[in-house]
Amino acid sequence: MRGQVLHPLLLRQLRRAGLSADVDDAVAFGELLKHVSRAYAEHDQERTLLERSQDLASQEMVALNDALRAERDALEQRVLDRTAALEVSQSRLSSLLSLSADWIWEQDAELRFTYVSEEFSTAVGFAPRLIGKRHEFGATIEADGEAQAEYERSVAERRPYRDFTYAIVRPDGVKRWIRASGEPVFDADAVFRGYRGVGRDVTEIIAAHQVVKQMAQLDHLTGLPNRRLFLIELDRAIARAHRDGSGFSVCFVDLDRFKHVNDTLGHLAGDQLLATLGKRLRADLRATDLVARMGGDEFVVLLEGTTDPADVSRLAGVLLGTVNQVLHVAGRDMQVSASIGIARYPDDGIDATTLLSHADSAMYEAKAAGKNRFHFHTEVAAREAARQFELEAQLRLAIAREEFELHYQPKLGVDDRAVTAVEALVRWRHPNRGLVMPGEFIALAEDRGLIVAIGRLVIKMACRQIAAWRRQGIEPPCVAINVSAKQFADDVLLADLTAAMTESSVGGGELVVELTETALMADPERATGVLEALRRLGVRIAIDDFGTGYSSLSYLKRFPADEVKIDRSFVDGLPEDPDDLAITQAVIAMAHSLGMKVVAEGVETEAQRSALAAMGCDQMQGYLLGRPMPVEDLVGRLSKAVHGAVAPVLDGPSVHVDGVAATSVGSTPVSLGSPTCEGVHMPAGCASQASASFTQ
Ligand SMILES: Nc1nc2c(ncn2[C@@H]2O[C@H](COP(=O)(O)OP(=O)(O)OP(=O)(O)O)[C@@H](O)[C@H]2O)c(=O)[nH]1
């Protein structure tokens with residue numbers, strides 16, 4: 001067997017038995033066969049083991065395979081489910097996006113767009129290639145500086161931002177406004193990966209806001225800037241002038257007697273006039289000048305860069321000329337005027353409030369000086385305005401504290417000098433200044449809308465006085481109360497009268513209401529209605545200061561008045577002045593022919609009294625017969641008269657009330673109705689005329 005290669009199994013058996021692999025060397029054949037047989041057996045054993053282990057491995061593989069397959073199937077199902085759910089949610093999102101016109105976007109860490117949904121192009125009307133670009137996608141970007149800065153801060157600090165509004169200007173020049181909100185994206189390691197967010201086209205919303213803003217800053221009637229916008233512009237002008245060391249002027253333009261236009265032509269025509277005038281003012285000024293309507297019949301003009309008095313005067317003249325031009329309103333030609341007050345920056349003020357208030361007080365000066373003119377602000381006017389401001393505040397307090405009292409001036413029969421009534425005249429008992437005459441506060445009260453409240457107090461005090469006299473056993477004379485034009489125009493007058501009469505149990509027959517022609521003529525239709533209502537209350541009506549206003553016979557005829565008072569300016573010239581004589585005579589004749597009594601005001605001399613008596617005047621009033629006096633003085637004299645004593649000339653301590661506007665409560669009569677309130681229907685409530693007679 002030499003040279004033969006033995007099977008490894010057999011060799012392993014031989015080596016284990018410590019035999020040489022060389023068969024010739026000593027292995028007996030039988031021995032060898034034994035070892036061969038063992039080698040086969042071992043081989044079988046090993047193969048069996050291998051086969052078994054192969055079986056086992058194969059079984060494990062199958063089980064593993066099954067598990068893997070099941071897992072894969074489950075995974076596939078989950079993916080299918082998720083995909084389906086994603087598709088549903090995507091289609092929901094895109095349908096919502098298409099409804100809201102919003103779009104979504106994503107940016108990488110360099111803020112380059114990685115995704116922009118297609119709604120963007122639909123919304124803004126163009127399709128720029130955004131992917132891979134930052135905001136600069138071929139369209140100009142505009143944003144409010146503040147908003148831009150806030151956006152940049154948010155992005156730099158990787159903070160979310162909301163509603164960053166900016167405009168893109170499309171290649172065709174159209175501007176679209178966009179509002180974007182975004183939030184930063186971080187990965188699992190908190191590394192910033194970019195932004196994602198939503199966008200919306202808000203062009204229409206912005207446009208609507210701008211319209212609303214504009215509307216809030218424009219006057220609807222004239223289309224001019226309104227007060228609000230003017231104040232903004234004024235502040236800007238101040239800042240500009242301050243920066244440049246330049247100046248400008250503010251002209252406050254207030255139409256003269258505009259109320260009359262409304263009253264005669266109607267509010268609508270008034271509106272038309274304001275609108276036309278607004279346009280003309282705008283057209284006649286330089287483009288750099290600002291014209292605004294402050295409200296009512298007030299306009300204001302800002303003359304940019306103009307402070308030289310000569311230049312300002314020339315431009316103010318242009319303004320007056322513009323206002324004076326004939327206007328065609330409500331089918332007729334008409335002409336109006338205005339009064340203008342001028343304040344200049346910086347000489348007359350360096351802030352808006354001061355400039356406007358100085359221009360305003362200068363305007364009042366122009367009014368007071370005769371209207372249809374302009375006035376520059378002066379320190380004197382400013383001081384006066386400040387004084388009036390203070391007085392107004394005190395007056396408001398005085399009304400609340402009822403710091404007023406009434407003085408009384410008698411009206412007497414021309415022939416017998418019997419007291420026919422007393423005129424109640426209001427005084428202000430000022431806590432520091434003492435007695436303040438109406439000339440000092442009535443005009444201001446009218447101007448500042450306080451006259452109705454003061455008038456109400458006067459009515460109340462007069463009625464209470466009548467009740468007090470009655471309680472004291474004194475026959476109350478008729479009391480004449482002056483009612484101002486504004487009080488007459490106020491609907492509460494009748495209610496005030498009724499309330500006061502009821503509170504003091506005073507009958508209408510104990511009161512006379514004195515009204516000026518101006519008050520009646522402001523709205524004749526309404527006046528007639530109010531007068532009739534007054535008469536239904538039993539209150540008598542006197543037309544005050546007759547001759548100074550319209551003096552229209554036809555109107556006089558239609559107003560149900562009982563008495564006409566001839567203004568003192570006509571009485572002054574009696575008996576010498578032929579004009580005054582003629583007018584007085586005519587008024588007396590006219591009033592008598594209408595069944596009215598005539599009272600002459602301001603009778604100061606015996607000659608005047610006799611002339612009036614000769615002309616048939618019914619009653620008179622004046623220093624000759626008695627000055628206004630406090631109630632105690634009047635009562636003292638009344639009592640004496642009642643008890644038969646002869647009273648000397650009435651000469652109360654008070655100052656004559658002249659000079660108070662004809663329309664004011666200040667001219668104050670509350671008439672002490674003599675028993676008869678002579679000349680008028682005899683009121684049931686008046687004491688007998690014989691009881692109180694005053695002689696000189
Ligand atoms: N038609 C119209 N009238 C208005 C409007 N706003 C205010 N008014 C009226 O304008 C008038 C303003 O009157 P005032 O300036 O006080 O007095 P005035 O009659 O002009 O008299 P003076 O200014 O003293 O000359 C009032 O009668 C207001 O009712 C408006 O929008 N349209």
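Strand 8, which spans residues 290-295, is mostly covered, with 5 of its 6 residues buried, where buried means under 20% relative accessible area, exposed over 50% and partly exposed in between (1.4 Å probe, protein chains only). This is a predicted model, in which local features need pLDDT of at least 70 and side-chain atom pairs count only at pLDDT 80 or more, whereas totals for chains, interfaces and linings use all residues. Residues are numbered from 1 along each chain as its sequence is written, and side-chain values use heavy atoms, with hydrogens and water left out.

Strand 8 runs antiparallel to strand 9 (residues 298-304), to which 5 bridges join it; strands count as paired if DSSP finds at least two bridges between them. Helices (H or I, at least four residues) and strands (E, at least two) are DSSP runs, numbered from the N terminus. Leucine 290 stands opposite leucine 302 in strand 9, and the hairpin formed by strands 8 and 9 has 2 residues between them, with glycine 296 in the turn showing a positive phi of about 50°.

The ligand is surrounded by 16 residues, the closest being Arg257, Asn262, Asp271, Lys367 and Lys371, and a residue is near a molecule if one of its heavy atoms lies within 4 Å of it. Helix 8 (267-284), strand 7 (248-255) and helix 7 (258-265) each supply at least two residues of this shell, and the largest share, 4 residues, comes from helix 8.

| Protein atom | Ligand atom | Distance |
|---|---|---|
| aspartate 254, polar side-chain atom | oxygen | 3.0 Å |
| leucine 255, backbone N or O atom | oxygen | 3.2 Å |
| lysine 259, backbone N or O atom | oxygen | 2.8 Å |

Taken alone the ligand exposes 650 Å², of which the protein buries 66%; accessible areas come from the Shrake-Rupley method with a 1.4 Å probe.

Some backbone geometry also deserves attention. Most residues other than glycine have a negative phi, and most peptide bonds are trans. Leucine 111, however, has a positive phi of about 65° although it is not a glycine, and it is found in the loop between strand 1 (102-107) and strand 2 (113-116). At 11% relative accessibility, leucine 111 counts as buried. Alanine 190 likewise has a positive phi, near 60°, but this residue is exposed, with a relative accessible area of 59%. The peptide bond from tyrosine 345 to proline 346 is cis, with omega near 5°, and proline 346 lies in the loop between strand 12 (338-345) and helix 10 (352-368).

Terms used:
A polar contact is a pair of N or O atoms within 3.5 Å; within protein, one must be able to donate a hydrogen and the other to accept it, and residues adjacent in sequence count only if both atoms are side-chain atoms.
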